[in-house]
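Open the model in your viewer and keep the selection tool at hand. This tour goes stop by stop: select, look, move on.

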Amino acid sequence: MTENIPHYHLYGEDSPINELEFLHIETIADRNEEYQWEIEPHRHDNLVQLVFLEEGYMRATLDTQELAFHHPFLFWVPPTIVHGFTNKPGTKGYVLTIAESFFLQILSETTREEFAQLLHLPIALALNPSDSTSKEIPNLIKTINHEFRIHQVGRVQIIGACLKILMVHIGRISASSSKQVAEPSSQGYEFTNFRKLVEE
């Protein structure tokens, strides 16, 4: 069955492009209106993806799990994890797709060790609107979206800084909400370990 799961590159295209140092961000509506609000299960081998549900309702496939959530909600999808989304028409939010090399570049070795779950585990988190950290996450995502679109000098530095803070926030919340961290399948573990050996 896994042979039939599509592999996508940055921007949802089916052919590789230059994804060594950057990322892409768009609203949920940008992509979903084109596909009638349903993104079929697929995976990315060299990309990390974050889906932030700001308003509306979404059903999600994360590896082997089927999940359904109302806003505000956040999905974190490391490379190789099968994922798909079905949204209620009119749902609002953002899809942030990050080249794995850029993601690893901005995180120190200490940060990677402290929040190892971000490198390997799909994460689904309900955000508490009254929590200061949860309230800061949407602001960071919107700043990344703004900097991505204005194309001004220094945008890589600002995006990288926002992304690093965003990762720490997600790591903290997921560490304190372990029941919401989805365990990948054994096949996912095997492929992740294989990639690590090849890279070494």
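Which side chain meets that of Arg43 in a salt bridge? Select Arg43 and Asp45: their side chains form the bridge, at 3.6 Å from N to O. Keep in mind that this is a predicted model.

**Stop 1: the charged pairs**

Asp45 has a relative accessible area of 23%, so Asp45 is partly exposed.

How many salt bridges are there by this rule? The count is two. For the other, select Lys142 and Glu54. Their closest N and O atoms are 2.7 Å apart. Lys142 sits in helix 5 and Glu54 in strand 3, so this bridge ties together parts that are 88 residues apart in sequence. Lys142 is partly exposed, with a relative accessible area of 34%. Glu54 also counts as partly exposed, at 23% relative accessibility. Side chains of opposite charge can pair when their charged atoms come close.

**Stop 2: helix 5**

Lys142 has brought you to helix 5. Now select residues 132-150, the whole of helix 5.

Go to the N-terminal end. Asp131 caps helix 5 there. One of its side-chain oxygens lies 3.2 Å from the backbone nitrogen of Thr133. Then jump past the other end. Just after the helix, His151 takes a positive phi of about 55°.

Next, colour the buried residues of helix 5. Among them are Thr133, Ile137, Leu140, Ile141, Ile144 and Phe148. Pro138, Asn145 and Glu147 are buried as well. What covers the buried residues of this helix? The cover includes strand 1 (23-27), strand 3 (47-55), strand 6, strand 8 (92-99) and helix 6 (155-175). Show those elements one by one.

**Stop 3: the aromatic rings**

Turn to the rings. The structure holds five aromatic pairs. Select Trp76 and Phe103, which form a tilted pair, 5.5 Å centre to centre with 50° between the planes. Trp76 belongs to strand 6 (residues 73-77) and Phe103 to helix 2 (residues 100-106). The pair links distant parts of the chain, 27 residues apart. Both residues are buried.

Now select Phe69, Phe73, Phe75 and Phe85. Ring pairs link these into a cluster.

**Stop 4: strand 5**

Select residues 65-70 to show strand 5, where Gln65 has its place. At 30% relative accessibility, Gln65 counts as partly exposed.

**Stop 5: the whole chain**

Zoom out and switch to a cartoon view. The protein chain has seven helices and nine strands. Of its 200 residues, 48% count as buried. Show the surface next: the accessible area comes to about 10500 Å², with 51% belonging to carbon and sulfur atoms.

Last, consider contacts between residues at least 6 apart in sequence. What share of these join residues at least 24 apart? The share is 76%.

Note on methods. Residues are numbered from 1 along each chain as its sequence is written. This is a predicted model: local features need pLDDT of at least 70, side-chain atom pairs count only at pLDDT 80 or more; totals for chains, interfaces and linings use all residues. Side-chain values use heavy atoms; hydrogens and water are left out. Helices (H or I, at least four residues) and strands (E, at least two) are DSSP runs, numbered from the N terminus. Buried means under 20% relative accessible area, exposed over 50%, partly exposed in between (1.4 Å probe, protein chains only). Contact means heavy atoms within 4.5 Å. Accessible areas come from the Shrake-Rupley method with a 1.4 Å probe; for residues, only the protein chains shown count as cover. Rings of Phe, Tyr and Trp (its six-membered ring) pair if their centres lie within 6.5 Å; planes under 30 degrees apart count as stacked, over 60 as edge-to-face and the rest as tilted. The expected span of a helix is 1.5 Å times one less than its number of residues. A polar contact is a pair of N or O atoms within 3.5 Å; within protein, one must be able to donate a hydrogen and the other to accept it, and residues adjacent in sequence count only if both atoms are side-chain atoms. A salt bridge is a side-chain nitrogen of Lys or Arg within 4 Å of a carboxyl oxygen of Asp or Glu.
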